[in-house]
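Visitor: Could you walk me through this structure, please? I would like to hear how its pieces are arranged.

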Amino acid sequence: MLDDVRVLEISAPETMLAGRMLADLGADVVVVEPPAGSPGRRLAPFLDGIPGIERSLTWQGLNYNKRGVTLDVSSPDGKALTRALATKFDVVIEAAGAGRASPLDSIEFAPSVIRCTITPFVRTGPKSEYAATDLTVMAASGAPTMTGDLDRPPLFFPVPQAMMEAGADAAIAALAGLIARDRDGLGQRAEVSARIAAMMGSFGQALVPGSGNPEAKRTQGAMIVAGVQVPSVYECADGFVLITIGFGPVFGQMTQRLAKWATQEGHMGQRIAEISWPSFIGDLSARKTSPSDLHALVDGLKSLARSKTKAELAEASRRLGLLSSPVMNMKDVAEYAQYRERGLFASVSLEAGREIDAPARFAQFSNYSIEIKRPAPKLSEHSAEIFEAELGLSKTEIQALFVAGEI
Amino acid sequence: MSAPPRAAPLEGVHVLDLSWVMVGPASGRYLADMGADVIKVESSKRIDPVRTLGPFKDGKMGPERSISYHNLNAGKRCVAIDIRRPEGREIVLRLTRWADVVLESFTPGVLETLQLGYSDLKRRNDQIIMASTSLLGQTGPYAKGTSGVGTMGAAMSGATYQIGWPDREPTGPFGPWTDAVTPRFIVASILAALHRRSLTGLGSYIDVAQAEAGIQFMMPAYYEYAANATIPERCGVAGSPLQIPQGVYGCSGEDRWIAIDASAPTHWDALRTVIGGELRDAKFDTIIGRLRNRAELDKAIAGWTHEQGVEAIEHRLQAAGVPAHVVSGSGNLVRDVDIIESGYLNKINDPVFGEAEIEGPRFSLDRTSLPATRRGPRIGEHTKEVLATVLGMSETEIAQLDEAGLLA
């Protein structure tokens, strides 16, 4: 879909998903790394637990479908090469480090180029000089303080997330610039703050005070209804299962069916199944129901969940239309028939003779298909090819750049 | 030289938003922020459930008081139609002729039953770009009839399993996590399709499964299993076992935490200079030394942080160049200079509840403008306007539909 679009990605952890999404949608993406390799190559986990420039699985998963060159964007030769390369590309994506000007600042881009810059905080704002890493940007998002148990510290994802949030929004910002250019031929600069991108996962925490509400606290994923802690994750026979209890005309019906099933299975009294769960909240204030009814529901569900496997609960959830699903680990994800048969996965090579199935198709289209056309580039894999084809450099010139340590 | 054109990227693009709750509306919000004219279709007989979700203005519930609703639907227009009746269905089909993009998030199979599936819409507009989103997608053995919410998406993407303390059940990420992740993949796909359409005239049908979108943000963990056959487990404490010091430390006051990442050698040197004391011990000189004495190092840092105010620590460490930030709660966010000065929070004024704040666009462009952030529409606020100006209906026609109970 983006077959006519060429993207130059100055590699950083935050650019990786952006470049890959555009590549997946058909763009020709060339990733530029310093001669020693992108910082993304030093992100865990590593193939077989052994580190190495070609062994980062984070790099592998976020850089397939791209070609790669090396050059030092801050040296005079590197700048000249970058400037020359930039004239061949429609979109340039970069992540400016905190407090440092981007090495691209001295390059005058053609008016048609869309330059997309990711910074940890707003580039021109009071925290632009802040030293930042994925952890500190996530801390600033408002999500971790709501994640986990109140008697323990806030929880963070075990996988860096600010770089994912920023990368995904940068892909959108670059495409917005492209759509504007389709109309008038002019490029522009787009800017993404990783912190603001990550705030999407806080579900509006920043709006709580402005609407006259008290600050909320984390609750171990549970919701507190009428003083009753209603969990979302329940232990089952072979792991964990998520069960959402909802109220109101839409989600309350699902709770009704769930209560009926738990009663049939002998895990709670008939009376609990006969409570009108869609109108529970209203009935509570009218004193037609009491918090102890909700307690009884939760206790019954704990007992029900313990008696079933993840697969049995998933089957019941489908059959009865419940808001319930297995808590999948990555093995479950890899083996799930729905993902397999639907065509989520595409095969990709990690090194000679090592292939895995990657969950590549984040979207499916009636007249386009996301494919993995090439694995993540090895360090400098396409330098010679691209400098020759794009910049017309001779074999001698390319070797000279290498000998000088520029590539 | 004349000034460069400033029209917003999607000015003139028409979006029919049949979706509800979060993923679809958040995707439509992105498009509205880029200048698209987005018409939300709702019915007062079956209101968007997000209207029952807080925070509510001043904590008082009410379908027109949900700030979450406004945040997800800012800048859209809203028509109220009963699309389950033939005349309502016909209005949707006529709006499809006007639309460039249609968004929907019904349980897979429902729109086909209403004869409003992609093939029905395409018959009226063969260049239409239609995006459907659901928990598991439109195809595959468990797709049809499966509905779900973002907490389920998180559970089925492998995220929930990995977030929590090893001695307790998994906690999962905050809220309906995939509802925040999925819109990015929907919007990027729609924009790519719009680009292709401008060159070729081709429309497209786009199907995004929310659980699958979540896996994208968990890619490193998925690869760890696929390549190394290791199932990543939940580990509780923040920070990587390979990086030290990196984590959250308690500060003075109730539930106040500072995130500090001084794992890079220069940041470590700076942190050591600021804190001094026990951190000067020779056993912390090297990375190996710090890894082997991790518990002791974390205790020493926590001993320094626990009597100070969290914002003061952030300033002190940042002044020394150490990556550190308050683990922000809602109170911190609204006081944060980065957020205040960026203008990210926008005042809205609603005739029902008065003033509140909602978020602005998620990125900035330096040439083309982005529309000012406006409140979300009330149910059916623009029904008559849209039927008259978009579909060219006469007042009599509209009155007839209204009397027949279709416009509620």
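Guide: Happy to! A word on terms before we start: helix axes are lines fitted to C-alpha atoms over the stretch in contact, and angles run from 0 to 180 degrees between N-to-C directions. Please keep in mind that this is a predicted model.

Visitor: Are α1(A) and α5(A) roughly parallel, roughly perpendicular or oblique to each other?
Guide: In chain A, helix α1 (residues 13-24) packs with helix α5 (residues 162-184), their axes 7 Å apart and at an angle of about 45°. Angles under 35 degrees would count as roughly parallel and 65 to 115 as roughly perpendicular. The two helices, α1(A) and α5(A), are therefore oblique.

Visitor: Which element gives the largest share of the side of chain A that touches chain B?
Guide: Chain A brings 126 residues to that contact and chain B brings 127. On the side of chain A, these divide into 73 nonpolar, 34 polar and 19 charged. The largest share, 14 residues, comes from α5(A).

Visitor: What is the bridge partner of A190(A) in β12(B)?
Guide: Strand β6 of chain A (residues 188-193) pairs with strand β12 of chain B (residues 364-365). Their pairing is antiparallel, over two bridges. Within β12(B), A190(A) is partnered by L365(B).

Notes:
Residues are numbered from 1 along each chain as its sequence is written. Chains are lettered from A and ligands numbered from 1 in the order in which they are written. This is a predicted model: local features need pLDDT of at least 70, side-chain atom pairs count only at pLDDT 80 or more; totals for chains, interfaces and linings use all residues. Helices (H or I, at least four residues) and strands (E, at least two) are DSSP runs, numbered from the N terminus. Angles under 35 degrees count as roughly parallel, over 145 as roughly antiparallel, 65 to 115 as roughly perpendicular and the rest as oblique. Two residues are in contact if their C-beta atoms, placed from the backbone, lie within 7 Å. Ala, Val, Leu, Ile, Met, Phe, Trp, Tyr, Cys and Pro count as nonpolar, Asp, Glu, Lys and Arg as charged, and the others, Gly among them, as polar. Two strands pair if DSSP finds at least two bridges between them.
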